[in-house]
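Hello,

Here is the structure I promised to hand over. Please open it, then read my notes below.

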Amino acid sequence: MSHSSARTGASMAVVSMLFVQLGLAASVGLIDQVGAGGAAWLRLFWAGVLLLVVVRPRLSAFSRETLRAGIALGVVTAGVTLLFMAAVARLPLGTASALEFLGPLGVAVVRSRGVARLWALVAAAGVVCLTQPWAGTADPAGVAFALAAAACWAAYIVLTQKVGDSIKGIGGLAISMPVAALVATVVAGPGVVGQLTPELLLAGLGLAILLPVVPFTLELLALRRLTTGSFGTLMALEPGFALLIGFVALQQVPSQLAVVGVGLVVAAGIGAERSGARLSAPVADGLTSAPGPATPRGRTDGGTPGAAPAPTRHTDRAGASPRAPALRGPEWRR
């Protein structure tokens, strides 16, 4: 696939990150009323409803393997949302988002080769500058939640690409988001239902469009154009965005080392955009499952190990939103 396609995919990923930050910032009032868990549940609930209504998926259009991947994507989507929310309640925003970035960074290192892997290492250096782990002030429980969210985010990237490659259009999200809504309902819903008012429900509907509907759709489309390794490296920009939002909205002045870290992750993001195109074209828009290819898709040097075509069973296809945080205090994630 051409460099212009990689640039399009990278642009989609960046816009997705900005929507995430905007959605988090707009949710402050909602969190004050129903808590971080309640706000996350409302967003996931309405996202699931919206995609079911708009896409109206037919289960008969999906293979059993595709349905399993979509359900798994829904579970990890709920996991990254709820776990990150628990992490930012205990850690500074920059620390939580940088720890969570270890998930996409792991994908980038494992799935990349050559220059693409070098950009992942540059991003890792930037994250170390942002987190400054030698300071030793992090809450252990918060670190554990952030690392669990990182694992979910890595799985989210892999599964999103797999689902996006298997199903045309945004039909995959019409499977995963209702599942995520159900998981969030079980975990956080019971403590929120009694507090709901018509105004809160309407606010949740609007916020669901900002986050997760628009950014998750953009991420799915981006992963049809980028390798998972390059996408994971691009996600290094999210801790930088979080630091910027913290400075502008919360008057959190970053240290000089943190500014250096932002510069490194921005450089890595630009490098990933320039070297991250996939060889295969994305599936066309629509809902039905994409037919199996006669020959397997290959990848660029930023894709899965080796330059040879991928196995037909899709075991090397990644699939999977970023999500990095935006605010501190009552902070939460998608």
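Predicted model: local features only at pLDDT ≥ 70, side-chain atom pairs only at ≥ 80, totals over all residues.

**What I found**

**Inside and outside**

The protein chain has 334 residues, and 55% of them are buried. The chain exposes about 12800 Å². Carbon and sulfur atoms supply 70% of that area.

Next, the cores. The largest nonpolar core has 67 residues. Phe 231, Leu 234 and Met 235 touch the most other members. Helix H2, residues 28–55, gives the most to this core, with eleven residues. A second, separate core has eight residues, including Val 88, Leu 91, Ala 146 and Ala 149.

Take a look at Phe 231. Leaving out residues up to four places away in sequence, Phe 231 touches Ala 13, Ile 157, Glu 219, Ala 222, Leu 223 and Leu 226.

**Helix H2**

How far apart are the end C-alpha atoms of H2? They are only 29 Å apart, although H2 has 28 residues. A straight helix would reach 40 Å at 1.5 Å a residue. Now find Val 34: H2 bends there by about 115°.

Ala 40 also sits in helix H2. Its relative accessible area is 0%, so Ala 40 is buried; the cut-off for buried is under 20%. Setting aside neighbours within four places in sequence, Ala 40 is in contact with Thr 81, Leu 82 and Met 85.

What comes after H2? Arg 56 does, and its phi is positive, near 50°. That is a positive value in a residue other than glycine. Arg 56 lies in the loop between H2 and helix H3 (64–88). Is Arg 56 buried or exposed? Its relative accessibility is 64%, so Arg 56 counts as exposed. The cut-off for exposed is over 50%.

**Helix H6**

H6 covers residues 115–131, which is 17 residues. At 1.5 Å a residue, H6 should span 24 Å. Its end C-alpha atoms are 25 Å apart, so the two values agree.

Which residues of H6 are buried? They are Ala 116, Ala 120, Val 122, Ala 123, Gly 126, Val 127, Cys 129, Leu 130 and Thr 131. Gln 132 follows H6, and its phi is positive, near 50°.

Thr 233 belongs to helix H10, residues 228–234. With a relative accessible area of 1%, Thr 233 is buried. What does Thr 233 touch, not counting residues up to four places away in sequence? The list is Phe 101, Ala 108, Ala 116, Trp 119, Ala 120, Ala 123, Ala 268 and Ala 272.

**Aromatic rings**

How many aromatic pairs are there? The count comes to three. One to look at is Tyr 156 with Phe 216. Their ring centres are 5.4 Å apart and their planes are at 55°, so the pair is tilted. The tilted range runs between the 30 degrees limit for stacked and the 60 limit for edge-to-face.

This pair links distant parts of the chain. Tyr 156 is in helix H7 (residues 140–166), while Phe 216 is in helix H9 (residues 198–222). They are 60 residues apart. Tyr 156 counts as buried, at 2% relative accessibility. Phe 216 counts as buried too, at 2% relative accessibility.

Ring pairs also link Trp 41, Phe 45 and Trp 46 into a cluster.

**A cis bond**

One last stop. The peptide bond from Leu 211 to Pro 212 is cis, with omega near 25°. Pro 212 lies in helix H9.

**Where to start**

Then go to Thr 233 in helix H10. Finish at the tilted pair of Tyr 156 and Phe 216.

Best wishes

How values were computed. Residues numbered from 1 in each chain as written. Heavy atoms only, no water. Helix = DSSP H or I, 4+ residues; strand = E, 2+ residues; numbered from the N terminus. Expected span 1.5 Å × (residues − 1). Buried < 20%, exposed > 50% of the residue type's maximum accessible area, 1.4 Å probe, protein only. Areas by Shrake-Rupley, 256 points an atom, 1.4 Å probe, with all protein chains shown as cover. Core = buried A, V, L, I, M, F, W, Y, C linked by side-chain atoms within 4.5 Å. Contact = heavy atoms within 4.5 Å. Phe/Tyr/Trp six-rings, centres within 6.5 Å; stacked < 30°, edge-to-face > 60°. Bend = angle between axes of the 7 residues up to and from the residue.
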